[in-house]
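I opened my notebook to record what I looked up, one topic at a time.

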Amino acid sequence: MGGKRNDRRRVRGIPGRAPAERERRLIRHKEREIRAVILRLRALERDDHVAAVEERDECFREVRRLAVTPKGLVSEEFRRELWPFLLGTDGAACVEQNGHTNIGDKATEAHRDAAQVEKDVERSLWHYDVLQGIRESERRVKRRALTQIILGVLDANHELFYFQGYHDIVSVFLLTLGNSKNTLQAVRNVSETYHREPMRSGFEQVMATTRLLFPLLDAADEVLFQHLHESGVEPFFALPWMITWFAHQLKRFGDVVRLYDVFLVTHPLFSLYVSASVCGPTSISLNPVLLEAREKVLRCERDFGTMHGMLSNLPLSMDVEKVIARALVLFHQLPPEKLRQQSGMDASSVIQNMYFQRPFEYQSWPSLVDPMLKNVPPLPPRRSRDGPNGNYMLGSWPKNDKMRIRDNGQSEKYVRSYRFGSFLYSSTLMMATLSALAVMLMALLLHAYNDFMPIDSYLPSFNVNASVEAHFSDSYYQARALFRSRAEAAGASLFSLPLEHLKDLDLTIDIAVLQGSTDRVLLHISGTHGVEGFAGSAIQVDLLDRAGANPRSSKRKPTVIFVHALNAYGFSQLRRFNEHGVDLNRNWLTREEFQERQARNPNRLGYLDVYELLNPTDLSGIKNWFWVKGIAHLATKGFDAIKQATIGGNYRFPNTLFFGGTELEPSLALLQQFLQEHVDFNAVTKFAMIDIHTGLGPAGVDTLMLGVGSDMSVARSVFTGPVYEDKVVFVHDNENPVSRGYDGVGGFTFDGVAKLLGPQANGNALMVCQEFGTVPGVFILKAMVEENTMYHHNPSPTGRLPYAQKLRDVFYLHQSSSWKSEVLRRGADVYDRLHGYLSS
């Protein structure tokens, strides 16, 4: 060869330079460019001349170019200068406080979210690599500063609601900008703009926006989208990525701030594009980690439970530069407005959605809306599905064995598609599949039966017993008239508490008081869940009949307070929830408790996992049949998991099942005021309460669930004998099939009443929810889902009526005399035992 061999490797674009040297040169070059921009910005702040707007726009263009190109803004030193500029706070003071600041001192005083913030912060500042070696004392200082900044922002804008994960976002700004007033203002600005949607009182817009991930993913990777779509999984696995900008998922702090560089100069929806790029890389130069994640998704069974679990726990270790590059290309190929149109999202629904609002008030840069890339090739046309107007989310797919992955004209790669038959290679999966099909067949038969026949018609029934039927009513108004007449006949003091905001419906909460000892009180409530009030009302009518016929003369007899139709609106309209769509048995909370629950992760008990099952917007078509949608959940999760996710309640999503509200509802406020005015709780030494419910458990069989403040040993002494052997449980007892799933649930009526009792009643109070079984729980859930959908999404009252009647039928077995007889018998027995306990 003759010449000296050159051992240095060649890198495209820089002949003879090793990759490390190329990277060093790139960083040095970017550092020079960034310093030049910073000097220009400082000069503009000093001069304040007329051309400042245009020159600041030129600076923004340059900062944006630097942020989106490899290595971003390079270092913490430069980010401290440029992030405030991007967030409109570069004029504020940025002075280190040596770990101490007064920015949040006032905000920490009894703030509504203080308790939850402190809990989350106490667990924070651990997982980033830059925090592994710091002293614990330094970590405590940073946590204190983190708490002050968070509460400072929330205190400055009371329309912002804390959500779990927000502390991770703020920690990124704290670790980057330091503890300063400038940091507080920067966090406030980003919270009121980029992160405004997850900080609303509800997550509706966030969830609606997250759904755009699948059409976006379809554009990025057709095969991957098909695999996810056929599994039935929802895109909510990406929700934490979007709302925290990956701050909670990534461990390398350098990767996090690199993403923040880009997020601060791009569209508010750009985190969705990054999420799609994480899920579905399609370039020929695939990052091995992302390729492994993609192949892991494709190897996963097309089963809802398995797929959702795998995606939710997907480890995020990525080549951030390649993800950003892919997201930028995808953003220009399918910009947000085009994505909205293609997905079918209504334009009116994004008017108040901050993910689609741009520019923000502090972004006075005309070039903000200019494209960041040039000559981006368009997406290839999507293959036809169900004709030219077919919906890509629901359309049929080609049946060939191989499908082509689009690659923006760069390359083509074939992978073998996964067919349903591949599921059956495993004998375990085969048995599971056959079992699911058997369950589906039975469910469809029951569905048809339930749609055409009263659900209680198959229950055994005695001949009609007139003495039993006389206590039951066919409507709220008939039940109220019976209650009033029996109360008057029994010599009770009768009170009617009108619902003034519902005057046109003539609704009242009626209360009958049988006066007795002031230190012993028995409270009996019906109709907390509206349509469940038929049974409770009949029991009260029966007890008042007996009180009138056989008055008790004991000097120590308790004062008995009957509360009829606590949820009068639900009772009258055949609804389980009240006029505001609120579940009253999740609503008796203090202001602080409401705030704490609103700050919780809405998917803490799995509510988001079953959101689509519980809250459809349409019931037409086979695809919207409850059984068709529910079978995957039932087969993969089981009824107990669905039950826990459902009954756990939520405080974020109005008009959904088991919504607990955001403040104490008028009905509960009226009852609370009445009790405080007519009961001297400081004098009460013995107290008992019965709240009648129907639904859970075998038909006609009651379960007694004890609430807060109840003593199980006292309950065992009151409810003795074989009949009560398995009936008495704590409401949070997961061993009992009826009470299972209530762990972590609060806001019950007996929770609210227990707060009124004085300390002298400790150990002498029994708070009982008497639950009468009706039909299998899955029928109850189906009826609730369908009635709630029709109530909120079908404006025709006649259209809702059949579903309201079905809801009544699953909670009130009005055709079964045997069930009614058991309800009266067991209701009287529990009442008599508690009355005897209080009289002793």
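My entries below go from helices to a loop residue and then to charged pairs.

**Ground rules.** I am working with a predicted model, in which local features need pLDDT of at least 70 and side-chain atom pairs count only at pLDDT 80 or more, while totals for chains, interfaces and linings use all residues. I number residues from 1 along each chain as its sequence is written, and side-chain values use heavy atoms, with hydrogens and water left out.

**Two crossing helices.** I looked up helix H6 (residues 166–177) and helix H12 (residues 253–263), whose axes come within 11 Å and cross at roughly 100°. Helices here are DSSP runs (H or I, at least four residues), numbered from the N terminus, and axes are lines fitted to C-alpha atoms over the stretch in contact, with angles running from 0 to 180 degrees between N-to-C directions. H6 is therefore roughly perpendicular to H12, a label for angles of 65 to 115 degrees. On the H6 side I noted Ile169, Val172, Phe173, Leu175 and Thr176, and on the H12 side Phe253, Val256, Val257 and Tyr260, as the residues that make the contact, where contact means heavy atoms within 4.5 Å.

**A loop residue.** Is Asn587 buried or exposed? I found Asn587 in the loop between helix H22 (568–573) and helix H23 (591–599), and it counts as buried at 0% relative accessibility (buried is under 20% relative accessible area, exposed over 50%, partly exposed in between, with a 1.4 Å probe and protein chains only). Leaving aside neighbours within four places in sequence, Asn587 is in contact with residues including Val582, Phe594, Glu663 and Gly747.

**Charged pairs.** I then searched the whole structure for salt bridges, and 37 were found; each is a side-chain nitrogen of Lys or Arg within 4 Å of a carboxyl oxygen of Asp or Glu.

In helix H2 (residues 52–68), Arg65 and Glu62 lie 3 residues apart, about one turn of the helix, and their closest N and O atoms are 2.4 Å apart. Arg65 is partly exposed at 34%, and Glu62 is partly exposed at 23%.

I also noted Glu159 and Arg196, which form a salt bridge with closest N and O atoms 3.7 Å apart. Glu159 lies in the loop between H5 and H6 and Arg196 in the loop between H7 and H8, so this pair ties together parts that are 37 residues apart in sequence. Glu159 counts as exposed at 54% relative accessibility, whereas Arg196 counts as buried at 10%.

Conventions:
Parallel < 35°, antiparallel > 145°, perpendicular 65-115°, else oblique.
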